[in-house]
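Visitor: I am new to this structure and would like to learn how to read its features one at a time. Could we begin with a single pair of side chains?

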Amino acid sequence: MSMGQHSIATDTRSYLFTSESVSEGHPDKAADQVSDAILDWALALDPHARVACETLLAKNLVVIAGEFGSRTVIDLTERLQIEASRIARAALREIGYTPESGLDVEGCEVKLSISKQSAGIDAGVTQASGVIGAGDQGMMFGYACDETPELMPLPISLAHALVRRQSELRRSGALHWLRPDAKSQVTVRYTNGRPVAVERVVLSTQHAPGVGLEQLRAAVREQIILHVIPEALRASTFACLINPTGNFVTGGPEGDTGLTGRKIIVDSYGGSSPHGGGAFSGKDPTKVDRSAAYAARWLAKNVVAAGLARRCTVQLAYAIGVAKPISLYLEFHGSGRVSEEAVEAWMRQNVVLTPAGIINKLDLRRPIYAATAAGGHFGRELPQFTWERRDLAERLAAEVS
């Protein structure tokens, strides 16, 4: 259906769609959490700090690299040289790593390679006029749909819920043999464009040695999978694959390296929406990879919340150093009751989508980012996740026709 057509189309196909999630103890997610913990530290010192932080995790090794800038904290990088090891160890300790579960938090080596942000980039982003230009070029996507109360696709919502439940049982001691590293995957059948049943669940969880595989599979099925997947949603052929390769004792950075930004589909919409390619974690909000992706989610969610479409994709694109977006694009996937052009025109007139406008509207200069780094950046309606608010929905519903 082309832009401008707004009758609701019906997809008569029956098909399967799959999304995955990973736990807070997955090495890539752990790296994201370290990078965002360092970002939060910098923003607590200077809300206008510039941060681009990357973390690499390997066996008993943490490597932190990046560029940092501040116009008020002159010695920011020098202070970080002292603080980075403490911040990283605290983040990894909170995840629950131990020498037996994948990382010796207290004894591992922490290496740093940090420097000041390029003066050229700083001048381009913060111009003499005070205008904030985009911190990089790129395109960012936001998405929302009416498949779940939080307006997220059902497969990624359930995949997140599975690893969240794994973490709850591990942390509470209810399943004391669980360890931090885990992955989930959920396959949902769609008919006529709507989710109708969960066909398959895959869950692989790290565990302590000595736990029988059958014991583990029975407990995971009953206490995690069947707890999360409602009975009404389970297909007649519903099947679970639990630790399909067998024992999973060696996990975390001991079993695989972790790197900031390698789980961007897990972070966003589980593949239900396009992704611009930029990662979120470790980046301050002048980097539109992060702030514009949050703004695009906010816009898409409010369109769906307003009842203007059942599904909405928003794309924003920027050029480095330029404040206004190069383009704004909406797609309702044939589910709209108004035209995409009408909503685009309303947004251009009523929403400021410069980096400064996004930062101010969504209040992004606060140390709120460690909470985003595991469990998905979207769909969790936490008070600090301002991009999940539905504060435009009433106006959109009243003013767009």
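Guide: In this predicted model, the side chain of Thr237 makes a polar contact with the side chain of Glu199, at 2.9 Å. A polar contact is a pair of N or O atoms within 3.5 Å; within protein, one must be able to donate a hydrogen and the other to accept it, and residues adjacent in sequence count only if both atoms are side-chain atoms. Local features need pLDDT of at least 70 and side-chain atom pairs 80 or more, while totals for chains, interfaces and linings use all residues of this predicted model. Residues are numbered from 1 along each chain as its sequence is written, and side-chain values use heavy atoms, leaving out hydrogens and water.

Visitor: How many residues apart along the chain are Thr237 and Glu199?

Guide: They are 38 residues apart along the chain, yet their C-alpha atoms are separated by 6.4 Å.

Visitor: Is Thr286 buried or exposed?

Guide: Buried means under 20% relative accessible area, exposed over 50%, and partly exposed in between (1.4 Å probe, protein chains only). Thr286 has 1% relative accessibility and therefore counts as buried, whereas Thr237, at 46%, is partly exposed. The side chain of Thr286 also makes a polar contact with the side chain of Asp284, at 2.6 Å.

Visitor: Which residues have the most contacts inside the largest nonpolar core?

Guide: A nonpolar core is a set of buried Ala, Val, Leu, Ile, Met, Phe, Trp, Tyr and Cys residues joined through side-chain atoms within 4.5 Å. The largest one here has 81 residues, and Leu92 and Val343 have the most contacts inside it. Apart from it lies another core of 29 residues, including Leu158 and Val186.
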